[in-house]
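Colleague: Please take one part and go through it closely. I would like to hear about the aromatic rings and the charges around them.

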Amino acid sequence: MDSRSSCVVVTGFGPFRQHLVNSSWEAVKELSKLGLGNDMEVELQTLQLPVDYREVKQRVTRIWEDLQPQFVVHVGVDPAAKAIFLEQCSKNRGYRDADIRGFLPECGVCLPDGPEVIASEVSMKAVSRRAAVQGVEVAFSRDAGLILRTLPLTSLCWLAEEKGYVCDYAYYLSLHHGNGCAALIHVPPLSPWLPASLLGKALQVLIQEMLEEIEKARAQNQKLSLCSSSQGESTGGLLL
């Protein structure tokens, strides 16, 4: 991760089915106006992705290869949601809903040789607990393909009956290319009480928290590495 740029990429999705105005992209456009705050020493880039499996695979791959971002956030719409959901992990299988071109991935699989589940390096549970966004509830989900958000805490994030769509597909690809340095945020549809401006502000707050979570994890890993190195040197001295 240290070799990557200071770039953070945030994507939203274009229209699909009855969603001629996709709240995910409207929220990302608002975030682009706001930025990530003066305290964040990162370059924000925002992109729209089509609801198209093949195009998404190409574009997500290019994002990681060309921009080498430190973090990628995909924002999708959950038509049934009343809250913002932070998705902890994504699955390789279960992509059985056709995209806007009527295409389905072969056997419903994202990457034929990929792991069944990949989790984000960010603790979405911790972020959802810390983030305070006035006017909208924030929750976390263990599975980007989860339709029923009220399963017990013992539920596993790879339940076979759950289905994924293009936003979950993009998330899996980013988790794969970025070694877990990615996130998926599902936002509700736009409404009079949930305008794009509020969703954009929510994205700003949540992504700030996610970047802070990454920095904490990195600092902790460096501390553990230094401790291990020091112990090794001490043991080596005793042996001599």
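Modeller: Start with Arg54. Its charged end sits over the ring of Phe103, 3.9 Å from the centre. (Over a ring: NZ of Lys or CZ of Arg within 6 Å of the ring centre and within 35 degrees of the ring normal.) Arg17 does likewise with Tyr165: Arg17 lies over the face of that ring, 4.7 Å from the ring centre.

This is a predicted model, where local features need pLDDT of at least 70 and side-chain atom pairs count only at pLDDT 80 or more, while totals for chains, interfaces and linings use all residues. Residues are numbered from 1 along each chain as its sequence is written, and side-chain values use heavy atoms, with hydrogens and water left out.

Both rings, Phe103 and Tyr165, belong to one aromatic cluster.

Now take the rings two at a time. Rings of Phe, Tyr and Trp (its six-membered ring) pair if their centres lie within 6.5 Å; planes under 30 degrees apart are stacked, over 60 edge-to-face, the rest tilted. By this rule there are 6 aromatic pairs. One of them joins Phe16 and Tyr165: the ring centres are 5.9 Å apart and the planes stand at 45°, so this pair is tilted. Where do the two residues lie in the chain? Phe16 is in the loop between β1 (7-13) and α1 (23-34), and Tyr165 is in the loop between β7 (138-141) and α4, so the pair ties together parts 149 residues apart in sequence. (Helices, H or I with at least four residues, and strands, E with at least two, are DSSP runs, numbered from the N terminus.) Phe16 and Tyr165 are both buried. (Buried: under 20% relative accessible area; exposed: over 50%; partly exposed: in between; 1.4 Å probe, protein chains only.)

(The expected span is 1.5 Å times one less than the number of residues.) How many residues of α4 are buried? The count is 10 of 12, and the helix is mostly covered. Among the buried ones are Tyr169, Tyr171 and Tyr172, along with Val166, Cys167 and Asp168. Ala170, Leu173, Ser174 and Leu175 are buried too. After α4 comes Asn179, whose phi is positive, near 50°.

Charges also pair with other charges. A search of the whole structure finds 7 salt bridges. Lys29 bridges to Glu26, with the closest N and O atoms 3.3 Å apart. Both residues lie in α1, 3 residues apart, about one turn of the helix. Lys29 counts as partly exposed because its relative accessibility is 34%. Lys33 and Glu30 form another salt bridge, at 3.2 Å from N to O. They too lie in α1, 3 residues apart, about one turn of the helix. Lys33 is exposed, at 65% relative accessible area.

A further bridge has a longer reach along the sequence. The side chains of Glu209 and Arg130 meet at 3.0 Å, N to O. This pair links distant parts of the chain: Glu209 is in helix α5 and Arg130 in helix α3 (residues 124-130), 79 residues apart. Glu209 is buried at 16% relative accessible area, whereas Arg130 is partly exposed at 33%. Arg130, Glu209 and Glu213 are linked in a network of salt bridges.

Last, the whole chain. The protein chain holds 5 helices and 8 strands. From the N terminus on, their order is β-α-β-α-β-β-β-β-α-β-α-β-α. Of the 240 residues in the chain, 50% are buried.

Terms used: A salt bridge is a side-chain nitrogen of Lys or Arg within 4 Å of a carboxyl oxygen of Asp or Glu.
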